Amino acid sequence: MILHALKERWINLNMNIPDNFHIVDHALIKHKLSILRHIKTKSKEFRELTTEITSLLAYQATKNLALSSCEIETPITVTKGYKVKLDNIVFVPILRAGLGMIEGMLSLIPNGRVGYIGMERDHNTHKPVDYYFKIPKQADQKTFIVLDPMLATGGTMIAAIDRLKDLGAKDIHSICIISSPEGMNQFCNNHRDVNIYTGVLDEKLNENKYIVPGLGDAGDRLYGT
Ligand code: URA
């Protein structure tokens, strides 16, 4: 256990972490992630933990959302209040594992819209293949938060954000539960202007492009396939 903690610290200290890559350091995230990773954790608990961890990451990822000021009346006096333009926020889960993160986002921002990007890794080439794309209009006026639990090679997340930028999107953020160093570097080299929030930076990818130690296949574990 101590060895693992030291290894994690070593990875973080010896890695050049780009400015737009944010590892959210929080005791509850560490605790919940450890249960999430465990081989014996079943789908129901896996889904609940994914929701809870997503909310904790979202809390950090949304801290700089644009605010407008307004006047509010308390029982004592009139004072200044703030509003986030909630219906301009679009959550974009990358199908299928990203779907598991939607509830966690909507629990914080119930008026958020939801778009969908269907991308999967070709098992032979490991490249992202796009099979579904449904995003609200006027992308240039929206704040997008792209969701995928695993940033492995980074290819899927990079391609999804490329598509959003093609539509004119300018304000894009992203949340992943577990990231690999390879995914981090690829992502940050391609999208320096997109802030990405993650619960942990793992050790590496294996020869099948799974994150090590990771948690296995997030989609399979969410949906019991
Ligand atoms: N996708 C997953 O679900 N798990 C990994 O480890 C990598 C990609």
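Author: Before we start, helices (H or I, at least four residues) and strands (E, at least two) are DSSP runs, numbered from the N terminus, while axes are lines fitted to C-alpha atoms, for helices over the stretch in contact, with angles running from 0 to 180 degrees between N-to-C directions. This is a predicted model, in which local features need pLDDT of at least 70 and side-chain atom pairs count only at pLDDT 80 or more, whereas totals for chains, interfaces and linings use all residues. Residues are numbered from 1 along each chain as its sequence is written, and side-chain values use heavy atoms, leaving out hydrogens and water.

Reader: Okay, at what angle do H5 and H6 pack?

Author: Helix H5 (residues 155-166) packs against helix H6 (residues 181-190) at about 20°, and their axes are 9 Å apart. The two are therefore roughly parallel, a label for angles under 35 degrees, with over 145 roughly antiparallel, 65 to 115 roughly perpendicular and the rest oblique.

Reader: And which residues make the contact?

Author: On H5 they are Met157, Ile158 and Ile161, and on H6 they are Gln186, Phe187 and Asn190, where contact means heavy atoms within 4.5 Å.

Reader: Switching topic, how many residues of S2 are buried?

Author: Of the 7 residues in strand S2 (residues 67-73), 0 are buried, so S2 lies largely in the open; buried means under 20% relative accessible area, exposed over 50%, and partly exposed in between (1.4 Å probe, protein chains only).

Reader: What joins S2 to S3?

Author: They are joined by 7 bridges and run antiparallel, S3 being residues 78-84; strands pair if DSSP finds at least two bridges between them. Ser69, for instance, has Tyr82 of S3 as its bridge partner, and the two strands form a hairpin with 4 residues between them.
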